[in-house]
Amino acid sequence: VFVSTWGDATTFNTAVIENTTIGGGLTCDDAVQATTEPFFLPAPWDWENYTSMPAYSTFTVPEDSEAGLLEMTFYSYPSTIMVYEGCDDTEGVMLEITDGDDYKNIASMKAEPGKTYIIQTTAYAPMMASFRFFVPEAGYSCAMPIEGKVGENTLPAAAGRYWYEVVMDKA
């Protein structure tokens, strides 16, 4: 909507954008289907308690892929991001939010083939988001580090920034 004021009159123009979803997301059962193109996430508000309420989106990893990274880009700042494996899951995982380019905020997680994830966001204002799933190079992300071991390890030869993880034995 474009609004302009001229003298005592206010005018506005509206446009319909095909294939745009602005509904949904207020409950887990009505979660917005996440896409690689920007999609709308509401920011419900509890007027009685003066608090932000969660909005919900969903993403299903393709069955025929290998484990990869689900990278979520938010075009505003969500105060929290929780990920669940279905609406009945009560043991969600809170994701860390990092600053991206151009005021974008990014969260990422390891994602398994065929799983459907429910992403619960809380924010003070509605926002746009876009998600992408890809299989990264080993060590690309803290969510998918190179697995190290006690003793000798090999890192990629290419220059870059890599994440690795070493789990110590109890011995």
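Welcome! You are looking at a predicted model, where local features need pLDDT of at least 70, side-chain atom pairs count only at pLDDT 80 or more, and totals for chains, interfaces and linings use all residues. Residues are numbered from 1 along each chain as its sequence is written, and side-chain values use heavy atoms, with hydrogens and water left out.

**Stop 1: the whole chain**

Show the protein chain as a cartoon. There are zero helices and 16 strands; helices (H or I, at least four residues) and strands (E, at least two) are DSSP runs, numbered from the N terminus. Of the chain's 171 residues, 32% are buried. Buried means under 20% relative accessible area, exposed means over 50%, and partly exposed lies in between (1.4 Å probe, protein chains only).

**Stop 2**

Two strands pair if DSSP finds at least two bridges between them.

Zoom in on strand 13. Is it enclosed or open to the outside? Six of its seven residues are buried, so strand 13 is largely enclosed by the rest of the structure. It pairs with strand 7 (residues 55-60) in the antiparallel sense over six bridges, and Tyr56 has Gln120 of strand 13 as its bridge partner. Strand 9 also runs antiparallel to strand 13, joined by five bridges; look for Val83 opposite Ile119. Val83 has a bridge partner in strand 10 too, namely Val93.

**Stop 2: the nonpolar cores**

Show side chains now. A nonpolar core is a set of buried Ala, Val, Leu, Ile, Met, Phe, Trp, Tyr and Cys residues joined through side-chain atoms within 4.5 Å. The largest one has 23 residues, and Phe59, Met72, Phe74, Ile119 and Phe131 touch the most other members. Elements giving two or more residues include strand 8 (68-74), strand 13 (116-122) and strand 14 (127-134). Which strand gives the most? Strand 14 does, with four residues.

Select Phe131. Not counting residues up to four places away in sequence, Phe131 touches Phe39, Phe59, Met72, Thr73 and Ile119, among others. Contact means heavy atoms within 4.5 Å. Then find the second, separate core of five residues, which includes Cys28, Tyr56, Tyr84 and Ile118.

**Stop 4**

Click Thr73, in strand 8. Thr73 is buried, with a relative accessible area of 12%. Leaving aside neighbours within four places in sequence, its contacts include Lys104, Ile106, Met128 and Phe131.

Now jump to Tyr164, in strand 16 (residues 164-166). At 56% relative accessibility, Tyr164 counts as exposed.
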